[in-house]
Amino acid sequence: MTTYFSLWPQPPRCGIAQNRGLLPPMRSGFKAICLAVFCLSFPLIVNANPDAIEYKAEAYRTFQAIEIDGDLTEPDWQNAKRIAQFVQMEPDEGKPMTEATEVRILYDDKNIYFGFTCFDSDISKAAANEMRRDGNLWDNDNVFVLLDTYDDQRSGFFFRVNPLGAMEDVAIMDSGDSRNENWDAVWDCRTKANEKYWTAEIGIPFSQLRFNRSDVMTWGMNMGRSLMRNQEEGLWTPVSRAHGWRARYRTANIGRLVGLKGIAPSRNLELLPYVLPGVSRIEAEEDTNGEFELGLDAKYGITSNLTADLTFNTDFAQVEADEEQVNLTRFSLFFPEKRPFFLEGAGLFDFGIPRTSFRRPPPLLLFYSRRIGLAEGHAVPIITGGKITGKVGPYGIGLLNVFTDKFHTDASVTDPDEIVDEPRTNYSVLRMRRDLFSGSTVGLIVVNKQDADTYNRAGGFDVAYRPADNINFRGLWARTFEDDVSDQRDALYFGGDWRNENLRVEGSYIDIGENFEPEVGFVRRQDVRRFRGEMRFTPMLAKFGIRQIWAGPEFDFILNRDNELATREFTYMNWFELEGGGWFGFQAQRTFERLDEDFEIRDDITIPVDEYHFNSFRVSINTDDSKKVSLRLGTNFGGFFDGERVGFDIGPDFKPNGHFSFEPRFQFNRVTLPTGSFNASIFGTRVSCSLSTRFFTKLFAQWNSDSGVISTNFLLNYIYRPGSDFYLVFNQVYDSSGTSTKLEGTTFVGKMTYWWNP
């Protein structure tokens with residue numbers, strides 16, 4: 001049975017660096033890149049303002065037991081210092097929030113606690129329609145905490161809560177430029193609504209955080225609140241709205257949390273065993289098999305900031321299926337990682353070229369964890385795996401080692417492209433990064449894939465340089481190593497961006513060799529030299545019902561290694577954010593494509609070798625997602641190589657309250673070419689029912705007209721104590737490619753985990 005993992009694509013969402021020293025000695029190529037970046041950007045370095053306000057909050061030590069119930073009634077909550085100076089980032093930057101917010105902070109030997117009191121002159125208008133863990137809480141009223149536990153202005157942990165008590169947690173890297181939104185910590189919260197305010201009581205165990213142990217600690221911290229009916233967001237430590245929706249994740253602009261004393265966590269051991277009974281049936285073989293699996297995940301704190309993770313007989317039955325995608329290109333699709341073992345410390349293993357938008361895949365990742373334990377959509381058994389992640393002084397360290405078992409697809413798979421024959425394989429990764437200056441880093445990575453007969457290795461160096469708060473430069477060099485391959489196996493990237501409140505400019509250069517082949521990575525396109533740039537004019541209009549405009553051109557030139565033009569795209573986009581929430585926009589694109597070989601886009605439909613010029617257009621609208629009923633609608637039309645393409649996508653959402661949601665999606669494409677025509681459609685729907693923030697069910701069903709696959713995934717999840725879950729999973733796959741729809745396979749399993757922290 002085919003198994004996938006992914007997320008729905010998301011719509012657009014809306015400190016001063018100081019030079020502390022010189023780069024350490026490096027090899028000549030990498031040193032040249034770093035020195036070039038430094039020399040080019042040195043004139044732009046901005047000195048810190050000596051009159052800047054110092055944002056400092058103090059945590060109060062409690063020796064009483066704190067019950068997480070949403071009532072801030074324990075006496076120590078009244079003794080803790082009150083923090084109330086929240087100012088707007090949106091819409092009126094720098095002004096006080098329209099509704100008052102107070103926060104108090106407590107801690108004891110095991111936990112840090114945050115108590116929010118959110119006053120509201122009309123609490124009946126509070127937006128709250130989500131109860132699922134890690135749901136779209138940014139569309140609700142919410143409060144959040146950002147903790148920079150290393151106080152390095154680079155990494156952190158982000159926790160968000162809405163008025164219904166729904167929880168979200170995110171691991172932060174690179175001052176919010178890299179985020180692991182699928183990371184899950186074991187923490188607790190409760191909320192309670194009153195006539196004039198609502199409260200949120202949050203408890204975060206120190207064992208879930210990583211920090212440098214000290215008798216007296218200072219952490220970086222920011223806190224915030226969103227008030228959706230005003231499209232308003234406020235922060236304790238102000239961050240320029242030039243950073244857009246990323247501002248809430250920025251650790252480069254952050255206050256300080258003091259008062260943490262005598263925190264001496266032991267070398268914490270966490271165990272998460274699971275038991276999984278179930279049954280599966282393959283219809284083609286008329287074969288029904290019982291299943292019974294036992295497995296274990298373990299976490300051990302080597303130090304307070306260095307953690308070892310181990311997994312044995314790993315299972316991911318509870319992970320949601322990948323969202324189906326339509327591929328109208330010559331290149332591979334990209335799906336995000338969602339499996340829990342690979343998410344802990346995942347940001348540290350990031351090594352690649354940044355994505356230019358949520359909808360586009362990254363051009364290159366040297367380590368792409370979905371290459372481990374997955375092959376052609378099939379789950380390859382993971383025997384055991386381990387990793388160590390954390391920091392030692394200024395060094396970030398990541399080590400990963402995983403063994404997968406041999407795997408061969410069963411007799412029901414007849415398509416040669418889907419047949420998998422995987423030997424027993426070892427995967428290992430070493431990643432190191434060193435902090436430089438304030439917000440800058442240099443790093444290296446080594447990746448190895450090895451079985452009994454063959455190997456594939458990759459390695460590289462990268463640099464990130466932030467000379468000022470609004471300027472970033474990045475660069476990397478990488479090489480792959482295989483038998484009988486000696487040239488055209490390098491990749492090089494250099495890029496940068498600059499922004500202020502009204503303008504953003506980005507540019508990059510990419511060079512990827514023809515034989516650059518990281519088998520444990522992802523490469524969108526090889527044998528290319530690519531020049532890309534974009535400019536966005538982003539003024540706050542605040543007129544005619546429009547809050548902000550995003551408008552500007554972008555260009556993309558792709559040459560082959562003989563410097564012949566392969567692809568050229570000129571794009572102009574204009575996006576309008578509305579005062580009442582939601583947005584609409586349009587995009588026009590002029591494309592040139594040179595095909596050096598025939599492109600078989602579908603069976604018996606081929607686009608021949610030639611040069612093609614064509615224009616395409618897209619119009620989109622998204623209403624306010626915080627409402628009970630919202631709609632996303634887009635349409636595209638225009639040329640497509642030597643033919644035409646028209647299509648639309650529609651996604652209405654119905655969320656009357658936090659207990660029920662109905663989210664259908666439909667995408668249709670009609671491609672007409674001289675050699676033939678075809679339709680490519682995808683329908684998917686997600687229906688959720690949440691009895692509480694700890695008990696919910698979800699049905700996710702999809703149909704892809706291209707493959708003829710219909711898949712259904714039903715999940716019941718009960719969090720019976722923090723960190724411990726009970727799941728029921730029911731999956732079915734159908735084939736609708738013939739004259740009738742046939743059931744191919746069924747799986748029904750139960751899974752129970754128990755989080756033990758001795």
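**Charges**

I began with the charges: the protein carries 83 positive and 107 negative side chains, and the centres of the two sets lie 6 Å apart. For this I took Lys and Arg as positive and Asp and Glu as negative, leaving out His and the chain ends. Each charge was placed at NZ of Lys, CZ of Arg, CG of Asp or CD of Glu.

A note on the source: this is a predicted model, where local features need pLDDT of at least 70, side-chain atom pairs count only at pLDDT 80 or more, and totals for chains, interfaces and linings use all residues. Residues are numbered from 1 along each chain as its sequence is written, and side-chain values use heavy atoms, with hydrogens and water left out.

**Overall build**

I looked up the secondary structure next and found three helices and 48 strands (DSSP runs numbered from the N terminus, helices being H or I of at least four residues and strands E of at least two). The radius of gyration is 26 Å, close to the 27 Å of the globule rule for 758 residues, so the protein is as compact as a globular protein of that length. That radius is taken over C-alpha atoms, and the rule is 2.2 Å times the number of residues to the power 0.38. Along the principal axes, the C-alpha trace spans about 75 × 65 × 55 Å.

How much of the protein is buried? I get 53% of the 758 residues, with buried meaning under 20% relative accessible area, exposed over 50%, and partly exposed in between (1.4 Å probe, protein chains only).

**Salt bridges**

I searched the whole structure and found 50 salt bridges, each a side-chain nitrogen of Lys or Arg within 4 Å of a carboxyl oxygen of Asp or Glu.

- Glu102 bridges to Arg104 at 3.6 Å between the closest N and O atoms. Glu102 is buried at 16% relative accessibility, and Arg104 is buried with a relative accessible area of 16%.
- Arg256 meets Asp151 at 3.2 Å. Arg256 lies in strand β14 and Asp151 in the loop between β6 and β7, so the pair ties together parts 105 residues apart in sequence. Arg256 is partly exposed at 22%, and Asp151 is partly exposed at 28%.
- Arg530 and Asp556 come to 2.6 Å, N to O. This pair links strand β33 to strand β35, 26 residues apart. Asp556 is buried at 9%.
- I also noted a salt-bridge network linking Arg360, Arg532, Glu534, Arg536 and Glu554.

**Strand β26 and its partners**

Why do I call β26 largely enclosed by the rest of the structure? Nine of its 12 residues (425-436) are buried, so I am happy with that wording. I find β26 antiparallel to β23 over 10 bridges, with Thr404 opposite Thr425; two strands pair if DSSP finds at least two bridges between them. Another 11 bridges join β26 to β27, again antiparallel, and Met432 has Leu444 as its bridge partner there. β26 and β27 make a hairpin with three residues between them, and Phe437 in the turn has a positive phi of about 50°.

**A three-stranded sheet**

Last, I traced an open antiparallel sheet in the order β18-β19-β32. Its edge strands are β18 (352-353) and β32 (522-523), each pairing on one side only. β19 and β32 pair over two bridges, and Leu365 has Phe522 in β32 as its bridge partner.
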